[in-house]
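Please keep the sequence and the model in view while reading.

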Amino acid sequence: MSDSGRRPAGLRERKKAATRKAIAETALRLFLAHGYERVGIRQIAEAADVSVSTLFNYFPGGKEALVFDDETDNEAALIAAVTDRPPGRTITEALRIHLTGFATKPSGPGSRFAEFQAFVQRTPALREYGRTMWLRHEEALARAIAAESGLPADDLTCAALARFALEAVALARSRPDPAMAFTKAWELLDRGWAAITA
């Protein structure tokens, strides 16, 4: 295929990504302004200037999927944090560095992240959906940890580390001081993993 034959596909993909981002940002703006329960799919579609069917083409998971649009890339990044870590960096250290941002993004006055986290925490359906979406990465992360540790893919210790690492983020997000909560949880994880694998 010629270069000219490839350009339209690239442009089409960029337009699709831009449309997806615009829909998700519109939904979040409406949710924050009016409350999650008070905003419907049709209202989001109208505000984003797309049809309802187009919205569902991009977000077949419905309203919850609109809130957690960035989840699709998280699994690959989690695995890369373990498998692509620099020489000498332990698995728990690599995960701590990677996950700190998820748990403790800046939350000062005017922070969009702080506003988003408060919104999720006060909306039970979103809080549970977010936790479910986050924990679905557990098996893939456990396999990566096992492979890097020279252990069987179904090793229970690796599964436990994966589960507790992901749970540490959820725990931190639910506390008034996420940074302190994450640090405390990670101290426990790091010491436990070091003791078991010594």
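What does the accessible surface of the protein come to, and what share of that surface belongs to carbon and sulfur atoms? The accessible surface is about 11,500 Å², and carbon and sulfur atoms hold 55% of that area. Accessible areas follow the Shrake-Rupley method with a 1.4 Å probe; for residues, only the protein chains shown count as cover.

## Basis of the model

The model is predicted: local features need pLDDT of at least 70, side-chain atom pairs count only at pLDDT 80 or more, and totals for chains, interfaces and linings use all residues. Residues are numbered from 1 along each chain as its sequence is written, and side-chain values use heavy atoms, with hydrogens and water left out.

## Overall architecture

The protein has 11 helices and zero strands. Helices (H or I, at least four residues) and strands (E, at least two) are DSSP runs, numbered from the N terminus. The order of elements from the N terminus is α-α-α-α-α-α-α-α-α-α-α.

Of the 198 residues, 37% count as buried; buried means under 20% relative accessible area, exposed over 50%, and partly exposed in between (1.4 Å probe, protein chains only). A contact means heavy atoms within 4.5 Å. Among contacts between residues at least 6 apart in sequence, 63% join residues at least 24 apart.

## Nonpolar cores

A nonpolar core is a set of buried Ala, Val, Leu, Ile, Met, Phe, Trp, Tyr and Cys residues joined through side-chain atoms within 4.5 Å. The largest such core contains 28 residues, and those with the most contacts inside it are L95, L99, L141, I145, F182 and W186. At least two residues of this core come from each of α5 (74–83), α6 (91–104), α8 (124–135), α9 (138–149), α10 (156–173) and α11 (178–197). The largest share, eight residues, is supplied by α10.

Beyond its neighbours within four places in sequence, L95 is in contact with L78, V82, L141, I145, A165 and W186. Apart from this core lies another, of 24 residues, among them L32, Y36, I41 and V120.

## Packing of α5 against α9

The axes of α5 and α9 are 9 Å apart and meet at an angle of about 15°. The two helices are therefore roughly parallel. Axes are lines fitted to C-alpha atoms, for helices over the stretch in contact, and angles run from 0 to 180 degrees between N-to-C directions. Angles under 35 degrees count as roughly parallel, over 145 as roughly antiparallel, 65 to 115 as roughly perpendicular and the rest as oblique.

The crossing of α5 and α9 is right-handed; a crossing is left-handed if the near helix is turned anticlockwise from the far one by less than a right angle, and right-handed if clockwise. From α5, residues E75, L78, I79, V82 and T83 meet A140, L141, A144, I145 and E148 of α9. Within α9, A140 counts as buried at 9% relative accessibility. A140 touches E75 and I79, not counting residues up to four places away in sequence. Although A140 and I79 are 61 residues apart along the chain, their C-alpha atoms are separated by 7.4 Å.

## Packing around α10

Helices α9 and α10 pack at an angle of about 130°, with axes 8 Å apart, and are therefore oblique to each other. Their crossing is right-handed. In this pair, E138, L141, A142, I145 and A146 of α9 meet C158, A159, L161, A162, R163 and L166 of α10.

Between α10 and α11 the angle is about 170°, again with axes 8 Å apart. This makes α10 roughly antiparallel to α11. The contact includes L161, F164 and A165 of α10 and F182, W186 and W193 of α11.

## Individual residues

T92 lies in helix α6 and is buried, with a relative accessible area of 1%. Outside the four places on either side in sequence, T92 is in contact with L161, W186, D190 and W193.

Is D49 buried or exposed? D49 is exposed, with a relative accessible area of 71%, and lies in the loop between α2 (41–48) and α3 (52–58). Most residues other than glycine have a negative phi. The phi of D49, however, is positive, near 60°.

A17 belongs to helix α1 (residues 3–34) and is partly exposed at 47% relative accessibility. A17 and Y58 are 41 residues apart in sequence and 9.5 Å apart in space, C-alpha to C-alpha.
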